[in-house]
Amino acid sequence: MSAVDNRYVERKSLEILAEAVDRTVGAGFVHEAIAKAAKTLETKAYNDANKAFRMLNPRETRKVEKTALENATIFAEHGDYTDPLAEMNPNPKFEDIRSRSVKLGS
């Protein structure tokens, strides 16, 4: 593996961990620290994320670990995926409905 591949793996791993923290513990300072580390891959951000993650209690850590492993398995089996609804284009036949809606006040 080259250096570029290692950075991608590290970034994706941190993203999976951040998502697992968000799903199990919530979007707090631990999630923010890990998400920042995934985005920047800087040593300081990585150390801050490590300190924040170690502040979780053992029960939360186990829950995050289980969720992260599930997410990583899904990623390994199916690859990167996006929200299917975000990829859908709006139907041009219905583009004027919102502007004429009585309930929306127009």
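Helices are DSSP runs (H or I, at least four residues), numbered from the N terminus. The model is predicted: local features need pLDDT of at least 70, side-chain atom pairs count only at pLDDT 80 or more, and totals for chains, interfaces and linings use all residues. Residues are numbered from 1 along each chain as its sequence is written, and side-chain values use heavy atoms, with hydrogens and water left out.

**Faces of helix 4**
- Val 64, Thr 67, Ala 68 and Asn 71 are the buried residues of helix 4 (buried is under 20% relative accessible area, exposed over 50%, partly exposed in between; 1.4 Å probe, protein chains only).
- They cover an arc of only 105° around the axis, so they lie on the same side of helix 4; the arc is that of the directions from the helix axis to the C-beta atoms.
- The face turned away from the buried side carries exposed residues, including Arg 59, Arg 62, Glu 65 and Lys 66.

**Ends of helix 4**
- Asn 57 caps the N-terminal end, with a side-chain oxygen 3.1 Å from the backbone nitrogen of Arg 59.
- Gly 79, just after the helix, takes a positive phi of about 80°.

**Salt bridges**
- The whole structure holds 2 salt bridges (a side-chain nitrogen of Lys or Arg within 4 Å of a carboxyl oxygen of Asp or Glu).
- Glu 15 pairs with Lys 12, closest N and O atoms 3.4 Å apart; Glu 15 is partly exposed at 34%, Lys 12 buried at 14%.
- Lys 44 pairs with Asp 48 at 3.0 Å between the closest N and O atoms, and both lie in helix 3 (residues 43-54), 4 residues apart.

Notes
Helix = DSSP H or I, 4+ residues; strand = E, 2+ residues; numbered from the N terminus. Polar contact = N/O pair within 3.5 Å; in protein donor to acceptor, adjacent residues only side chain to side chain.
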